[in-house]
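Subject: Structure handover

Hello,

I am passing on the structure we spoke about.

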Amino acid sequence: MTVTAQREAELIASIPKGLLINGEWRDASDGGTYDVFDPATGKVLATLASATSEDALAALDAADAAQKQWALTAPRVRADILRRAFDLINERRDDFALVMTLEMGKPYSEALGEVTYGNEFLRWFSEETVRHYGRYLTTPEGKNKILVQNKPVGPCLLITPWNFPLAMATRKVGPAVAAGCTMVLKPAKLTPLTSQLFAQVMIEAGLPAGVLNVVSSASASKISGPIMKDHRLRKVSFTGSTPVGVQLLKDAADNVLRTSMELGGNAPFLVFEDADLDAAVEGAMAAKMRNMGEACTAANRFIVQDTIADEFAAKFGAAMAALKTGRGTEPETNVGPLIDSKARDEVHSLVEAAVEQGATVAVGGNKVEGDGFFYQPTVLNNVPNDAAILRQEIFGPVAPITTFSTEEQAIELANASEYGLASYLYTSDFSRMFRVSEQIEFGMVGFNAGVISNAAAPFGGVKQSGLGREGGAEGIEEYSTVQYIGIADPYAGR
């Protein structure tokens with residue numbers, strides 16, 4: 001695909017730049033704006049309205065006013081809206097992919113993959129909408145009947161990250177719509193344009209005014225602060241860093257809010273000596289380099305059995321060295337820029353610290369000179385187990401390799417993290433797969449698979465990686481509350 005400057009400019013110009021409140025795009029109450037940058041060039045891509053606390057409460061006003069009627073809407077109506085939105089996004093898949101490439105930096109081909117993945121949440125939850133069952137039964141002693149029904153939890157605050165601009169929005173909006181909740185969506189300030197375009201599509205699909213409100217802002221606290229103190233808000237769903245998630249949980253406690261927290265990760269990638277090495281390298285590339293490593297599910301620690309470590313490192317290093325770094329609109333690009341200069345500096349400091357501690361650079365290891373925020377695909381060998389790069393999320397195209405000798409050591413190394421989101425396991429032994437999966441402390445395990453995210457699967461972690469699940473049959477439950485009605489059994493005693 002060839003993307004011209006004119007095509008880029010026309011697409012960006014077509015996306016609403018205001019705040020979506022009660023079905024209307026409007027300016028910020030104080031007229032404030034902020035800039036969105038292209039991470040491949042460092043240049044301004046667009047200027048958006050920057051919501052104030054007053055705007056945030058206006059969005060909650062709209063969501064609260066729409067909640068009662070929206071909750072009474074027939075499930076089929078809600079399902080049809082989601083399905084129409086799915087179809088509309090498919091029709092505009094090139095637009096969505098290009099805007100993600102421009103504002104986030106990922107290669108265009110990878111952005112197309114996110115359109116497919118992210119859009120599937122709308123189709124999945126359109127189908128779940130009409131299958132959100134309750135139950136009816138008799139109490140054990142036979143005196144009453146039990147009627148259990150699912151009801152929408154109420155107005156929700158949805159806070160999305162910058163790394164998957166479409167998928168993180170659809171993964172939250174889809175189940176909220178399905179359950180009958182109204183929403184205030186706060187997209188990440190670094191990549192808000194995709195959410196703006198998505199919201200416009202939801203309106204075109206027939207979503208009533210006030211059900212989805214979008215308040216992009218240069219200040220996240222100006223949005224979350226006043227809304228989370230308001231008694232009308234009933235739930236907050238956040239995807240982002242653990243420190244921010246912890247603070248939101250503290251704030252949510254004061255208002256006893258339902259919470260979904262998808263937080264940080266530190267995914268181990270375990271390779272045993274009986275693994276298919278070529279398949280393991282292919283899986284490692286997928287698990288590490290999706291989104292340039294800027295993913296909470298990205299493989300962060302490559303823990304390889306010592307008998308095959310050299311061979312794995314050689315094959316993995318060759319695959320990483322073959323990647324081409326560049327702007328995501330260039331057809332030959334495999335690796336786009338990191339999101340900003342701060343992110344690149346943090347990645348490089350982790351690499352430098354690991355080398356100082358004894359790690360060796362097999363591939364890469366440096367910033368890419370020139371415009372944008374590029375970093376070389378990097379493989380580090382002989383990384384000591386106490387290196388910071390093994391303890392914290394890298395969020396970049398860097399793969400540190402360490403080794404183990406026994407299965408018990410592999411499990412111990414995998415669990416040596418406060419995080420517990422995604423993990424990966426390569427072995428040809430199914431018994432080992434079950435043994436290791438049952439002992440490692442992670443919400444998700446990829447068995448001989450480097451990509452495991454799917455709309456039909458429950459996404460989420462344990463420990464410092466968060467609470468709740470997104471996607472799967474579990475996803476709609478996060479936006480529902482259960483009501484029990486006890487009914488006197490007319491046949492009791494007969």
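This is a predicted model: local features need pLDDT of at least 70, side-chain atom pairs count only at pLDDT 80 or more; totals for chains, interfaces and linings use all residues.

Domains

The protein is divided into domain 1, made up of 5-263 + 466-482, and domain 2, which covers 267-447. Taken over C-alpha atoms, the centres of domain 1 and domain 2 are 31 Å apart. Contact between the two involves 26 residues of domain 1 and 26 residues of domain 2.

The largest pocket

The largest pocket holds about 1400 Å³ of space. Its lining consists of 50 residues, and those nearest the centre of the pocket are Trp162, Phe238, Gly240, Ser241 and Val244. Two or more lining residues come from each of α6 (167-179), α8 (220-229), β10 (235-239), α9 (242-254) and α12 (341-356). Which element gives the most to this lining? That is α9, with six residues. Sorted by class, the lining of the largest pocket has 25 nonpolar, 15 polar and 10 charged residues. Both domains take part: domain 1 and domain 2 each supply at least three residues to the lining of the largest pocket.

Cavities

Rolling a probe the size of a water molecule over the atoms shows where empty space is left. In this structure there are two cavities of 30 Å³ or more.

The largest cavity has a volume of about 70 Å³. Among the residues that line the largest cavity are Ala286, Ala287, Lys288, Arg290, Tyr424 and Ile452. Helix α10 (residues 277-289) gives the most to this lining, with three residues. By class, the lining of the largest cavity divides into seven nonpolar, three polar and two charged residues.

The second largest cavity has a volume of about 40 Å³. The residues around the second largest cavity include Lys172, Ser237, Phe238, Glu262, Phe459 and Arg469. Two or more of its lining residues come from each of β10 and β11 (258-262). Of the elements, β11 gives the most to the lining of the second largest cavity, with three residues. That lining has four nonpolar, three polar and four charged residues.

A pair of helices

Two packed helices are described by the angle between their axes and the distance between the axes. Helix α1 (residues 5-14) packs against helix α4 (residues 93-104) at an angle of about 100 degrees, and their axes are 10 Å apart. The two helices α1 and α4 are therefore roughly perpendicular to each other. Which residues of α1 and α4 meet? On the α1 side they are Arg7, Glu8, Leu11 and Ile12, and on the α4 side Asp94, Asp95, Leu98, Val99 and Leu102. This contact of α1 with α4 is made up of five nonpolar and four charged residues, with no polar ones.

Regards

Technical notes: Residues are numbered from 1 along each chain as its sequence is written. Side-chain values use heavy atoms; hydrogens and water are left out. On a 1 Å grid over the protein atoms alone, a cavity is a set of points where a 1.4 Å probe fits but cannot get out, and a pocket is an open set with protein on both sides within 12 Å along at least five of seven lines; lining residues have an atom within 4 Å of a point. Grid points are joined across faces, edges and corners, and a volume is the space filled by probe spheres set on the points. Helices (H or I, at least four residues) and strands (E, at least two) are DSSP runs, numbered from the N terminus. Ala, Val, Leu, Ile, Met, Phe, Trp, Tyr, Cys and Pro count as nonpolar, Asp, Glu, Lys and Arg as charged, and the others, Gly among them, as polar. Domain bounds come from an automatic or database domain assignment. Axes are lines fitted to C-alpha atoms, for helices over the stretch in contact, and angles run from 0 to 180 degrees between N-to-C directions. Angles under 35 degrees count as roughly parallel, over 145 as roughly antiparallel, 65 to 115 as roughly perpendicular and the rest as oblique. Contact means heavy atoms within 4.5 Å.
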